[in-house]
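Let's take a walk through this structure together. Keep the viewer open and follow along as each region comes up.

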Amino acid sequence: MEIKNFTITKRDGSQAQFSLDKIMNAIVKAFDSVNEPADLGTISKIISHLDIQDDITVENIQNQVEEALMREGFYHVAKSFILYRQTHTEDRDTLEKMRFLSEYTDSVNAATGSKYDANANVEHKNIATLIGELPKSNFIRLNRRLLTDRIKKMYGKELADEYIKKLTNHFIYKNDETSLANYCASITMYPWLIGGTVAIGGNSTAPTNLKSFAGGFVNMVFMVSSMLSGACATPEFLMYMNYFIGLEYGKDYWQHPEQQADLSLKKRTIDKVITDYFEQIVYTLNQPTGARNYQAVFWNIAYYDRYYFESIFGDFYFPDGSKPDWDGLSWLQKRFMKWFNKERTKTLLTFPVETMALLTDENGNCKDPEWGQFTAEMYSEGHSFFTYMSNNADSLSSCCRLRNEITDNGFSYTLGAGGVSTGSKSVLTINLNRCIQFAVNHELNYLDYLGTIIDLCHKVQLAYNENLKELQQHGMLPLFDAGYINIGRQYLTIGINGLVEAAEFMGLKITPNDDYLHFVQGILGLIEQYNKKYRTKDVMFNCEMIPAENVGVKHAKWDREDGYVVPRDCYNSYFYVVEDDSLSVIDKFKLHGAPYIEHLTGGSALHMNLEEHLSKEQYMKLLKVAAQEGCNYFTFNIPNTVCNDCGHIDKRYLKECPHCHSKNVDYMTRIIGYLKRVSNFSQARQEEAARRYYAMADK
Amino acid sequence: MTLAINISNCPCHCPGCHSHYLWEDVGLPLTTTAIDDFVEKYGTNLTCISFMGGDNDPRGVDHLAEYIHEEYPQLSVAWYSGRTVISALINKQNFDYIKIGPFIKHLGPLKNPTTNQRLYRRTEEGDFEDITSRFWKK
């Protein structure tokens with residue numbers, strides 16, 4: 001080998017001068033380690049096998065050394081060299097973890113410090129959250145390996161390589177790659193009602209009274225959540241609670257809640273007993289959880305108007321043969337909302353995320369006026385919750401994001417497969433902005449190009465599904481086996497991000513106009529075509545605009561680094577531009593109206609940001625607007641003010657604390673589904689919150 | 001005569017940007033004193049001051065625009081922003097012309113009818129009208 005002035009590429013990507021001495025030293029050391037004598041002739045011979053070119057990587061040189069040692073017959077030495085390399089690789093991994101550890105401890109908050117999967121839902125940064133962060137990179141590697149191995153078996157190596165290529169080049173993004181569990185689920189609690197938690201590995205028997213219901217419910221939600229990477233929705237929560245209160249105090253308890261209920265010196269009323277249980281359940285479930293990296297469980301509940309109640313629970317029977325009582329439930333739902341809204345002025349409570357399900361008539365009026373009015377009343381009192389509106393009770397959003405077709409599956413409680421049991425097994429997101437720019441820059445038809453990406457996503461999701469089935473066959477998924485979740489009603493979800501940004505790149509105006517609508521329908525319609533094409537009796541696909549809690553920030557950053565047009569630092573999770581103050585409230589409802597969301601089968605919630613609270617009458621009008629435009633899922637978001645000095649919480653958006661007049665205030669807002677303190681969001685998200693325009697009431 | 005002031009530290013980073021050096025934090029601070037110096041230097045020839053960029057600090061641009069209108073009412077003020085919507089952080093009434101839109105190669109610059117960029121002019125009523133089509137060759 002001729003010695004020239006080569007440059008080599010080190011592991012961190014930097015360049016260094018090639019040094020023959022270093023290679024010779026390493027080889028001599030390897031010989032020494034197994035007590036094999038090495039003379040200059042032997043070493044020269046080994047080196048003569050090496051093929052060194054400019055910019056060669058250190059890894060490549062070391063691979064060649066291994067081969068050269070073996071070619072010369074020094075198998076012991078080669079083995080020692082390989083082991084030496086392995087030890088160094090492990091050291092480097094540890095060093096990297098230590099570097100991460102020190103960066104994490106120095107970062108301003110947990111979400112900014114998180115390298116892989118920032119979640120605003122972690123309140124504090126401490127040793128428990130750090131323990132959760134450290135193995136994340138290993139999980140990503142493991143998940144990719146599990147998936148690519150399966151893709152290879154099903155579709156061949158080429159497709160597996162294509163998946164990794166599209167993933168590492170950020171055309172697609174695998175959500176929750178840091179967890180092994182399937183994503184989120186809206187569960188039926190019927191199996192728990194019958195058999196307690198034994199079937200999912202717990203030791204409690206079925207609840208028999210209000211007390212065992214309240215205690216057991218909390219345990220059950222913790223257990224279920226530790227087997228999911230995302231949210232756990234319990235849409236039957238209040239319906240069951242109403243049943244147990246009825247067992248305790250009579251079905252008509254709600255007609256005399258002021259009656260004394262216990263013989264203690266406190267002389268608690270029925271109402272006090274009930275709200276004490278609310279307190280126990282809600283506060284416990286908002287605690288950081290050990291099994292979930294010190295995050296609280298993501299707990300969602302649902303409220304229903306009379307029509308929704310009848311269509312969902314009309315065929316429901318409790319184990320004693322009785323039917324759910326609407327009058328009691330109606331009272332209890334209202335009581336819970338009122339209590340929760342008030343409690344939120346005392347403490348920052350994120351969970352449960354609540355969804356109100358309302359049925360509307362053809363004129364956009366609520367079919368159950370009592371509940372339509374109550375919804376408007378709660379909004380006007382500053383309560384923050386989602387509303388799901390439909391003109392027939394064919395679907396329901398009981399999770400914070402999932403829409404669920406009710407009619408086409410049929411449901412039967414006796415089989416344990418509730419009409420409320422649904423969810424998403426896995427989300428794979430397409431970065432639309434990058435895909436479309438790539439196609440246009442390469443003079444390809446963007447829909448044709450997108451078709452290849454969508455097709456890839458479906459195959460990858462089917463591979464994931466096979467892995468999940470294998471886990472289930474080995475008894476690893478008791479939630480499915482015990483009937484809490486019906487695997488046949490779980491979706492494989494195609495997520496989208498960067499839709500608005502891609503439209504802007506195409507020169508479209510992001511307002512309710514035909515060109516933009518055509519663009520949106522073209523893309524979402526294409527995804528739905530593939531969703532239908534790949535649907536079988538065992539697998540269903542849906543499409544959702546993902547709440548881009550951290551993906552939107554990552555995509556913007558990666559795309560900008562790679563020279564794509566990036567109009568903002570965080571891609572939108574809506575059909576409109578968040579910082580655009582020229583859009584009216586009506587425009588935003590239009591942009592989340594029926595023509596736009598038609599193909600968005602997995603749903604997307606409009607977060608209507610307002611600067612100040614409206615009156616009940618104004619909210620009634622907006623509910624009608626939403627119904628008329630066909631915007632079926634939305635929430636109103638008015639930042640709540642939290643005083644950092646005295647702790648006072650105010651439902652209004654204020655610059656100064658009304659209690660102690662401090663200007664040191666923070667805000668609680670819904671940037672994604674969850675209501676959290678702004679200072680707990682990652683830095684990029686905080687910037688979005690600061691820029692976000694909160695529309696005035698008269699708009 | 002329009003004086004175009006390039007503002008550095010541009011966050012937009014449009015691919016194909018003709019002023020790549022403005023991505024960096026370079027140049028001198030743009031203060032009201034700097035504006036005074038410019039006006040003095042160019043005298044009565046100057047009819048308009050146009051801010052090119054400044055999307056990192058729309059409030060700062062707004063503040064300077066307000067200053068110019070107060071001190072030099074004879075001058076028009078224009079702002080070329082690389083964002084896709086007019087920033088909510090400015091008072092539009094401080095500007096006479098506002099151009100928005102990043103440069104997107106396949107759509108072309110303002111004079112191209114397929115452009116995504118838009119130029120607005122403030123009317124006497126204080127509304128902003130889109131005058132982009134005036135730049136297109138008939």
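Helices (H or I, at least four residues) and strands (E, at least two) are DSSP runs, numbered from the N terminus. This is a predicted model, in which local features need pLDDT of at least 70, side-chain atom pairs count only at pLDDT 80 or more, and totals for chains, interfaces and linings use all residues. Residues are numbered from 1 along each chain as its sequence is written, chains are lettered from A and ligands numbered from 1 in the order in which they are written, and side-chain values use heavy atoms, with hydrogens and water left out.

Let's begin with the loop that holds Pro352(A), between α14 (326-343) and β8 (353-359) of chain A. The peptide bond joining Phe351(A) to Pro352(A) is cis, with omega at about 5°.

Now step back to chain A as a whole, which has 25 helices and 20 strands. Of its 699 residues, 56% are buried, where buried means under 20% relative accessible area, exposed over 50%, and partly exposed in between (1.4 Å probe, protein chains only). Contact means heavy atoms within 4.5 Å. Among the contacts in chain A with a separation of 6 or more, 71% are between residues 24 or more positions apart.

The axes of α1 (residues 20-33) and α3 (residues 58-71) of chain A come within 12 Å and cross at roughly 45°. Axes here are lines fitted to C-alpha atoms, for helices over the stretch in contact, and angles run from 0 to 180 degrees between N-to-C directions. α1(A) and α3(A) are therefore oblique to each other; angles under 35 degrees count as roughly parallel, over 145 as roughly antiparallel, 65 to 115 as roughly perpendicular and the rest as oblique. The crossing of α1(A) past α3(A) is right-handed. A crossing is called right-handed if the near helix is turned clockwise from the far one by less than a right angle, and left-handed if anticlockwise. Which residues of α1(A) and α3(A) meet? From α1(A) come Ile23(A), Ile27(A) and Phe31(A), and from α3(A) Ile61(A), Val65(A) and Leu69(A). The residues of this contact divide into 6 nonpolar, no polar and no charged. In this grouping Ala, Val, Leu, Ile, Met, Phe, Trp, Tyr, Cys and Pro count as nonpolar, Asp, Glu, Lys and Arg as charged, and the others, Gly among them, as polar.

Another pair to look at is α7 (residues 136-155) and α8 (residues 157-168) of chain A, which pack at an angle of about 145° with their axes 7 Å apart. Arg144(A), Leu147(A) and Ile151(A) are among the α7(A) residues in this contact, while the α8(A) side includes Leu159(A), Tyr163(A) and Leu167(A). The contact of α7(A) with α8(A) holds 8 nonpolar, 2 polar and 3 charged residues.

Helix α4 (residues 75-106) of chain A has 32 residues and reaches 47 Å from its first C-alpha to its last, close to the 46 Å expected at 1.5 Å a residue. That expected span is 1.5 Å times one less than the number of residues. Buried residues of α4(A) include Phe81(A), Arg85(A), Phe100(A) and Tyr104(A).

Further along is Val218(A), in helix α10 (residues 210-225) of chain A. Val218(A) is buried, with a relative accessible area of 5%. Its C-alpha is 8.8 Å from that of Val282(A), 64 residues away in sequence. Leaving aside neighbours within four places in sequence, Val218(A) is in contact with Ile281(A), Thr284(A) and Leu285(A).

The loops deserve a visit too. Asp176(A), in the loop between β4 (172-174) and β5 (184-186) of chain A, has a positive phi near 50° although the residue is not glycine. Asp176(A) is partly exposed at 24% relative accessible area. Glu443(A), in the loop between α16 (432-441) and α17 (446-473) of chain A, also has phi near 50°, and counts as exposed at 76% relative accessibility.

Finally, turn to chain B. The 14 residues of helix α2 (residues 58-71) should span 20 Å at 1.5 Å a residue, and the end C-alpha atoms are 20 Å apart, which agrees. Val61(B), Leu64(B) and Ile68(B) are among the buried residues of α2(B). The buried residues of α2(B) pack against α1 (32-42), β2 (48-52) and β3 (76-80) of chain B.
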